[in-house]
Amino acid sequence: MKTKLFFLVSAVLSGLASLQANVITVSNNAIAAGMYSTIQLGCDNANIGDTVYVMGSPTSYGDVTIKKQITLIGAGFNVYQTQNNWNTTIGTAYLDTIPFGAKISGTVIMGFMINSAITQTGAAGAINWIDVERNYVGNYVNIVGSNWTVRNNIINYININNTSNTFIQNNFINYNINTSNQTSVVISNNEFCTTTSATFNGVSNALIANNVFYYAGPTTGTTSCTFSNNITTAGSAQVLPPAGNSGLNNLNNVSPQFVDATIPNGTVNMNQIWNYDWFLKVTSPAHNAGTDGKDLGVYGGTYPWPNMSGATRIPQMQFMNVGAIVPQGGNLNVNFKARKTN
């Protein structure tokens, strides 16, 4: 019965996916079966354009190699207010450049606790139009093509690899951003909770705007970048723009006045970020101080921080209770509750 109910839920969710694509469900959880028990089988059996839903589980799904253009959706990385609060955890998400002639550009990865990285495998080659959204990435994101969007994630560090049309927006970044020389790179509305004085390494020509450098050192590692409407705070005296760069309207070494007074006056570990409220007070100098008239940091800009769970926009089950004993011909009572997140 539980298996049938899981398929019922999957069928409801499938209506939210593209009408031109199929929906595949994956679960390694014994209490609720999916179409496949491993994430690799689910991805391998998907067609280009399909959506693969991966259920939250107390057990990691391990590494996955993505060999074609799909949308891969998990339950989140800090799941709460559900019956079991299970994250969808994987090790490394590999993008395979040349798998059997199939195209991988256009892939979406969202809603995962990724313990290691999102990176490339196989022969070198550009993988374009990748969307990395609402994930926790414990190590790094390795960008290997143009038109990548990295938004609403908690990430240790990002390698841009001199790619073009790269958008890094509304993320919590623990360490730094590396290796970028294109004028089409935008780094905006991020919260840099770094553990090092080198927020940037080898970054040139980028637009760096509306960020909060919280206990961070953005004054080295950049050349010919435009620093606009950023704020530095909590570390040693930091003045933007750094030498060799340009920009206006930066707030240097002042308090952002977060709503949450418990945020420590120092570095914040990646796995503690969701314990705090990073909204700004209306009295904050960073409130409505962005280039777009919105707040600096993750709650401003085009993609305001949606939630601290990593849950995606699709409805998710919070609770389900099924009657244990049903006589033949009787009614099965099911108590079911779901919600949709921002």
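How many disulfides does the structure hold? The structure holds zero disulfides, a disulfide being a pair of cysteine sulfur atoms within 2.5 Å. This is a predicted model, in which local features need pLDDT of at least 70 and side-chain atom pairs count only at pLDDT 80 or more, while totals for chains, interfaces and linings use all residues. Residues are numbered from 1 along each chain as its sequence is written, and side-chain values use heavy atoms, with hydrogens and water left out.

**Overall make-up**

- The chain has two helices and 25 strands; helices (H or I, at least four residues) and strands (E, at least two) are DSSP runs, numbered from the N terminus.
- Of the 342 residues in the chain, 54% are buried. Buried means under 20% relative accessible area, exposed over 50%, and partly exposed in between, with a 1.4 Å probe and protein chains only.
- Contact means heavy atoms within 4.5 Å. Among contacts between residues at least 6 apart in sequence, 42% join residues at least 24 apart.

**Cysteines**

- C193 has a relative accessible area of 1% and is therefore buried.
- C225 is also buried, because its relative accessibility is 0%.
- In general, a disulfide is a covalent bond between the sulfur atoms of two cysteines.

**Strand pairing**

- Two strands pair if DSSP finds at least two bridges between them.
- Strand β1 (residues 23–26) pairs with β2 in the parallel sense over four bridges, and V23 has T51 in β2 as its bridge partner.
- From strand β2 (residues 51–54), T51 and Y53 point one way and V52 and V54 the other way, and all are buried.
- Strand β15 (residues 172–180) is paired in the parallel sense with strand β18 (residues 200–204) over three bridges. Here I177 stands opposite F200 in β18.
- Strand β18 is also joined to strand β21 (residues 222–223) by two bridges, and these strands run parallel. Across this pairing, S204 stands opposite T223 in β21.

**Pockets and cavities**

- Both kinds of space are found on a 1 Å grid over the protein atoms alone: a cavity is a set of points where a 1.4 Å probe fits but cannot get out, and a pocket is an open set with protein on both sides within 12 Å along at least five of seven lines; lining residues have an atom within 4 Å of a point.
- The second largest pocket holds about 180 Å³ of space, where a volume is the space filled by probe spheres set on the grid points, which are joined across faces, edges and corners.
- Its lining has 14 residues, and S255, P256, Q257, F258 and I263 lie nearest the centre of the pocket.
- By class, this lining has eight nonpolar, four polar and two charged residues. Ala, Val, Leu, Ile, Met, Phe, Trp, Tyr, Cys and Pro count as nonpolar, Asp, Glu, Lys and Arg as charged, and the others, Gly among them, as polar.
- The structure holds two cavities of 30 Å³ or more, and the second largest cavity has a volume of about 30 Å³.
- Residues lining the second largest cavity include E191, F258, W278 and Y299. This lining divides into seven nonpolar, one polar and two charged residues.

**Residue P256**

- P256 is found in the loop between β23 (231–233) and β24 (316–322), and it counts as buried because its relative accessibility is 3%.
- Leaving aside neighbours within four places in sequence, P256 is in contact with I231, T233, L280 and S284.
- P256 and T232 are 24 residues apart along the chain, and their C-alpha atoms are separated by 8.4 Å.
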